[in-house]
Amino acid sequence: MSVARARLVVPAPSRRHSMCSAQCTFVVRSLIRQQQKNILHHRRRILKLNLKEMTYGPVFYTHRSGAMSGQHLADGTVDTGNGGNRSPVDTKSPTSIEKQHSYEQIDHAHFLANDIGTLYLNDRFSDVVLVVNGERFHAHRVVLASRSDYFRALLYGGLKESHQSEVEITEASINSFKKLLEYIYSGRMNLSILKDEVILEIFSLSNLFGFTNLELSLCKYLRSNINVYNVCSMFAAARLYQQEDLVIEALNFIDSHALDVLQSESFLSLSPEALQEVLNRDSLYAYELDIFRAVCRWIKANQDDEDPEAKIKVLSTVRYPLMSLDELLSVVRESQLVSSDNILDAIQLRNTLPSHKLKFRGQLKPNLNIAHPSQGAQVMQGEMRSALLESDSNGHDHERGCTRHLINESDSGIMIKLGHPSIINYIKMHLWDKDLRSYSYYIEVSMDQHDWVRVIDHSNYYCRSTQRLWIHPRVVQYIRIVGTNNTVNKSFHTVSMEIMYNSEEMDLVNIEKGLVVPKFNVATMDKNAIVIDGVSRCRNSLLDGNCKDYDWDCGYTCHQLGSGCILVQLGQPYMLSSMRMLLWDCDDRYYSYYVEVSVNMWDWELIIDKSKELVRSWQLLQFNPRPIVFIRITGTYNSANEVFHCVHLEAPAQVPIDSNTVEVEQEISNLQVANRLGCQTFSNKYFSISYSKMLIYMIKLKKNEVIRKAIVGLVIFKYLHVSKTLRTLMNRKSLSQWLVPLQQKLQQQ
């Protein structure tokens with residue numbers, strides 16, 4: 001289909017038409033300009049919103065009643081609609097509140113850090129130049145002074161550097177100081193890209209310039225990145241700057257990698273003092289010949305720097321008696337570093353001294369059980385040997401799960417050989433405990449199976465269940481356990497054995513006369529103490545540590561007055577000098593009692609006698625230190641009935657012991673009991689102490705409540721009058737409020 005083209009003929013415009021066209025053009029152009037303005041304004045508004053969203057998070061707006069109201073939506077305001085005629089519901093959710101708070105708190109610390117960081121090595125605003133080995137570093141005094149006390153004193157302390165535009169730093173290399181300066185401006189340092197020697201130099205600079213936080217962070221990094229090649233340098237730096245944690249970490253690493261460290265190049269850089277500290281350690285486990293050869297290498301490498309005296313001191317750290325005769329004659333003598341007299345003395349000591357008097361070296365593995373096949377340990381003597389080092393302490397009986405030997409003079413006991421000579425201070429041994437039997441035994445140690453040293457002697461004590469034994473640290477390789485008594489039969493049974501150097505609990509005990517002096521309560525079921533005699537609804541409730549939940553029916557152990565007692569056996573002998581026990585005190589009753597102790601159930605010793613006193617509630621008992629296994633508490637009087645009740649027992653006492661305070665507080669408590677009962681004759685004993693001195697003493701301790709109790713008790717017995725003691729009390733403003741009425745009452749009486 002063809003389309004005919006029509007020609008549009010436009011007539012020439014008239015003057016009126018020209019005027020209308022001009023007006024239209026003007027309007028269109030005006031509309032275009034307005035539209036462009038609107039678009040530009042819209043773009044600016046979007047850009048502004050985007051910037052707000054980048055800084056503060058999303059910003060929302062809603063239109064209500066013809067106005068922009070973004071805060072309503074941000075605050076959780078709800079518009080109920082209909083043209084905005086209804087009031088909004090002012091409900092703010094926790095999220096909205098947090099968002100509002102985020103708007104109120106501005107945190108631009110990262111901007112500040114970045115802005116200050118841009119000043120690093122920037123000569124803009126720089127007012128000082130630090131010169132290190134000829135290289136110039138532009139810096140800013142105020143930044144340096146605000147970050148370091150050293151620079152504060154150097155640049156603002158009135159020294160000559162305070163007025164110099166260039167300050168020379170002579171204690172650092174260029175690389176290490178450049179990294180430190182970057183840290184000063186940015187607070188950051190990437191240690192993964194730095195060499196060990198640079199890190200160690202920065203470590204020393206942080207100590208010199210007083211950057212404590214940086215020093216601690218570097219110390220942690222160095223501790224976690226110790227190796228054979230840097231350990232000696234780390235040890236020297238830590239020793240110089242008294243970083244004890246790093247010193248210990250470095251020494252432990254040297255001990256466990258002794259041969260590799262002795263043969264390393266960094267070993268040659270140690271100072272004479274540092275080298276002596278390393279070589280004098282018993283835990284530097286290496287053959288003495290290897291140690292001697294390492295010392296020879298060190299002397300050769302430092303012969304131009306050290307004086308002869310230092311050389312002699314370093315050679316003296318070698319333990320020549322531990323070498324064989326062939327090593328002394330063929331190696332030591334040929335070195336010409338040790339005199340013939342010293343070599344002869346070493347030979348004589350080796351041939352004459354018993355082995356336990358020689359200073360052996362041994363491996364040190366803190367808190368690791370080395371009496372285990374994985375550590376090379378094995379049982380050399382005893383029946384059913386395989387059970388001792390790998391058995392379960394819970395799954396055992398007479399025929400399985402324990403190692404044993406006959407108790408007679410010809411049996412040499414149970415012997416264990418450790419994989420290596422080792423430093424130990426702790427032995428944990430579990431004895432067969434399916435009944436109430438007790439054992440006696442002793443333990444000996446040796447380095448050669450010929451010279452034995454007895455480190456534990458419990459041959460005269462009754463022991464049961466788990467034995468936690470502490471000895472002074474020493475190097476051993478053989479341990480022998482010899483049973484001397486079994487209260488049931490003639491066999492000695494051990495279920496399990498752990499041997500180690502225990503550093504985690506060593507501060508909780510002391511050792512006195514071969515016995516443990518504990519700082520914790522050993523009269524507990526966890527420490528294998530048991531109640532042998534006594535009546536209770538729950539066995540061993542006396543030892544469960546619960547001294548709060550007790551009443552008329554439960555929570556105590558008792559016995560009939562005139563027959564029986566309360567008898568407790570500890571797991572092993574302990575050296576004790578105090579106990580504490582709680583007598584049943586739910587009413588005003590009082591008791592009398594005495595306490596005896598023994599180590600074998602036959603020989604008893606009276607340590608506390610309260611049989612002629614009236615006491616109640618908590619009892620803190622002190623006596624001369626002595627070995628104790630059995631504790632026998634015998635009640636002699638109860639003011640309410642014919643039964644003696646004890647709620648809680650602990651040994652040693654787990655409260656601070658001040659003999660004066662304890663005596664005063666117990667006497668006051670006993671005095672009040674006597675007062676309630678009107679026992680004038682019985683209570684006269686309590687007036688043997690000087691109450692004037694007592695009250696003044698309690699004033700010094702600020703024991704206001706105790707003072708009040710004491711005065712009230714004395715007033716009842718008419719032993720307190722208007723005296724110098726009362727006037728002394730009156731001088732204390734904190735006591736005057738209740739002392740003034742008391743004085744008036746006394747004056748009236």
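Q: At what angle do helix α13 (residues 272-279) and helix α15 (residues 308-315) pack, and why are α13 and α15 called roughly parallel to each other?
A: In this predicted model, α13 and α15 pack at an angle of about 10°, with their axes 9 Å apart. Angles run from 0 to 180 degrees between N-to-C directions, and axes are lines fitted to C-alpha atoms, for helices over the stretch in contact. Under 35 degrees counts as roughly parallel, over 145 as roughly antiparallel, 65 to 115 as roughly perpendicular and the rest as oblique. So α13 and α15 count as roughly parallel to each other.

Q: Which residues make the contact of α13 with α15?
A: Pro272, Leu275 and Gln276 of α13 make it with Ala310, Lys313 and Val314 of α15; contact means heavy atoms within 4.5 Å. These residues divide into 4 nonpolar, 1 polar and 1 charged. Here Ala, Val, Leu, Ile, Met, Phe, Trp, Tyr, Cys and Pro count as nonpolar, Asp, Glu, Lys and Arg as charged, and the others, Gly among them, as polar.

A quick word on the ground rules. Residues are numbered from 1 along each chain as its sequence is written, and side-chain values use heavy atoms, leaving out hydrogens and water. As this is a predicted model, local features need pLDDT of at least 70 and side-chain atom pairs count only at pLDDT 80 or more, while totals for chains, interfaces and linings use all residues.

Q: Which residues of α9 are buried, and what puts them on the same side of α9?
A: The buried ones are Leu214, Glu215, Leu218, Cys219 and Leu222. They cover an arc of only 140° around the axis, so they sit on the same side of α9; the arc is that of the directions from the helix axis to the C-beta atoms. Buried means under 20% relative accessible area, exposed over 50%, partly exposed in between (1.4 Å probe, protein chains only). On the face turned away from the buried side you'll find the exposed residues Asn213, Lys220 and Ser224.

Q: What do the buried residues of α9 pack against, and why are α9 and α11 called roughly parallel to each other?
A: They pack against α7 (174-186), α8 (196-209), α10 (231-240) and α11 (244-256). With α11, the angle is about 10° and the axes are 10 Å apart, so α9 and α11 are roughly parallel to each other. Cys219, Leu222 and Arg223 in α9 meet Asp245, Leu246 and Glu249 in α11. That contact divides into 3 nonpolar, no polar and 3 charged residues.

Q: Why is Ser204 called buried?
A: Ser204, placed in helix α8, has a relative accessible area of 17%, so it counts as buried.

Q: Is Ser617 buried or exposed, and what about Gln336, buried or exposed?
A: Ser617 sits in the loop between β19 (604-615) and β20 (618-638). Its relative accessible area is 14%, so Ser617 is buried. Gln336, in the loop between α16 (325-335) and α17 (340-352), has 71%, so Gln336 is exposed.

Key. Helix = DSSP H or I, 4+ residues; strand = E, 2+ residues; numbered from the N terminus.
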